[in-house]
Amino acid sequence: MEYFNIGYLDTLSYKDTFVHRLDPRIKILVSFIFILFVVSFPKYEIAGLMPFFIYPVFLLTAGDIPLRAIAKKVLFISPFALFIGIFNPLLDTDVILTPFGISVTGGWISFFSIIVKFILTVSTALLLIAVTSFLGICEGLERLKFPRLLVIQLLFLYRYLFVLLEEALRILRAREARSFGKRGKEIKTFIRLISILLMRTVERAERIYQAMLSRGFRGEIRVLKRHSLRPRDILFALLSVMIFYVLRNYDIVSFIGETLRRSFS
Amino acid sequence: MHMADALLSPTVGGALWAGTLGTIIYCARKLKEKMDEKMIPLMGVLGAFIFAGQMINFTIPGTGSSGHIGGGMLLAILLGPYAAFLVIASVLMVQALFFADGGLLALGANIWNLGIYPCFIAYPLIYRTIVRQKMSHRKITIATILSVVIGLQLGALSVVLETKMSGITELPFSTFLLLMQPIHLAIGLIEGFVTAGIVIYVKTLRPDIVDDLEGVKALSSGGSLKKVLVVMAVLAVITGGAFSWFASTHPDGLEWSIEKIYGKPEIPEKENPIKENLSKLQGKTALLPDYSLPSKGKEEANPSWPAVDPGTSLSGLIGGIMVLVLIVIFGIAVKYMRKYKEKT
């Protein structure tokens, strides 16, 4: 189950490379701007998107993230985009290209455009967490003036995620041990199991609250600030956004292709 | 029904992020005004509970396939709308980051679709109204199922509207709607039934938990502000939608003016740089490329992709492959440089 892997991306974030050391605020903002640039391409664009692979490739290689970890996740997830996208080839059947005598319809082009955009945006989101760590993201969000309550919420959620996953696993194991085949998975049993998990959760929250009180909790949680903006952070941000802008506004792909084609013919 | 970045246009995604962010800030303020400190750990642990709860599966009656809970409405019932919205937002954020469910731009849309409707429409307008006088088991069941179904229907409708407004899919509006709504009706009925079961079961076993939670959420029953918020949120989405409508008419005007100058809707090949820039501009502003009524006929008359010339497309192909090769080389170089640096 993919939930077991949730800690893996976070372990990758403990590395110490150039991109890991960047200020989380910068990484969040640059990644978001990157995604905006990618989705701003019109729906029949494929070639123009290719240069944008440079950003995820940079995060991947400079951050020393194994390609397999990201590729596997990208392949696995969100069938929704593909599910919606696959209708384009069926519905948009106007032939708009005939390279080497093969007729290509607009639908296939827009479908592949969706896939390329999907790979770019999803891999960037995964790489962001892999080179920043969840705590880093929370720190970044806090310093980007996201409401503190939301940041605290995220920190709590992450902290107790693994505890509760183990609790759920114990419940699942108990169900397995007491049932044959498909039995034990009826809605009635399910409601009881999940209610028990819910009650244990609420009781745990009560205990946590007591523990917090006894350690001097006064309604405020401080988030550790580990990063500060340095010149290299600003340089990275400026350079990245400039590159995105150039790649978006100048058709480098056609230029390279045209030059190559001319030089060969 | 998670939205994906690849299906969104920047305007639609941005408008929904703005609406979502506004609601998050509003909820945080509202909670801060008068919050029981107890809520802080409770909210956090309940967010983790949604993840853990999704690991326990059940057999969907009649189909044999298995499902799990979504939990949005359950949170709204247990925590009240403001806290529930923050918890839903945090759950979706973790999903977007660790599983890349959707992506970072689509995250705004996802929080909107799965958070706003259960918390600020289904909960106050349906659940609360039905359960207000008396909390009998029957009333809880009816109220819960109804609000889950309506919340999910609105969410699914939003997904359709957002995708359509972004202009990426070719699916006709009605077909898309017919595809999404019935599936989510079925999902909603099951989710509603399960959620009602959980609320009742917890209430019978540990009434103090439910009562306690209700005492905490009593603070969030202020009515008029909620309406203001809903109106504001709806306005935000409409503005976003309207903006992309207007934006889409812009390139037509440009094309029209080029037509006047050259007698053709596109600039002749020779003046490549200008054409390049203009078509880029069109690409940037055409947020609804063919979202007008007779879509097929219009497309034939006015092809939205300028590069029909096979020569241009061939260089696009060669260039694209070349760029990818260069990026791979770049990646290898960065990797090599990093290793070299580590050694020294």
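Chain A has 13 helices and two strands; helices here are DSSP runs of H or I with at least four residues, strands are E runs of at least two, and both are numbered from the N terminus. The radius of gyration of chain A, taken over C-alpha atoms, is 24 Å, well over the 18 Å that the globule rule gives for 265 residues, so chain A is more spread out than a compact globule. That rule is 2.2 Å times the number of residues to the power 0.38.

Please keep in mind that this is a predicted model, where local features need pLDDT of at least 70, side-chain atom pairs count only at pLDDT 80 or more, and totals for chains, interfaces and linings use all residues. Residues are numbered from 1 along each chain as its sequence is written, while chains are lettered from A and ligands numbered from 1 in the order in which they are written.

How confident is the predictor? The pLDDT gives its confidence in each residue, from 0 to 100.

| Part of chain A | Mean pLDDT |
|---|---|
| Chain A | 84 |
| Strand β1 (residues 95–97), lowest | 68 |
| Helix α3 (residues 24–39), highest | 92 |

Let's visit helix α3 of chain A. Its 16 residues reach 23 Å from first C-alpha to last, close to the 22 Å expected at 1.5 Å a residue, where the expected span is 1.5 Å times one less than the number of residues. Of these 16 residues, 12 are buried, meaning that 20 or more other C-beta atoms, placed from the backbone, lie within 10 Å of the residue's own. Among them are A:Ile26, A:Val30, A:Phe34 and A:Phe37. What do the buried residues of α3(A) pack against? Their partners include α4 (54–62) and α8 (106–132) of chain A, together with α1 (10–33) and α5 (104–131) of chain B.

Now for the contact between the chains. It takes 103 residues from chain A and 99 residues from chain B, with two residues in contact if their C-beta atoms, placed from the backbone, lie within 7 Å. Helix α11 (residues 187–214) of chain A gives the most to chain A's side, with 17 residues.

Finally, the domains, whose bounds come from an automatic or database domain assignment. Chain A is given domain 1 (2–132 + 230–264) and domain 2 (147–214). The centres of these two domains, taken over C-alpha atoms, are separated by 36 Å.

Conventions:
pLDDT = per-residue confidence, 0-100.
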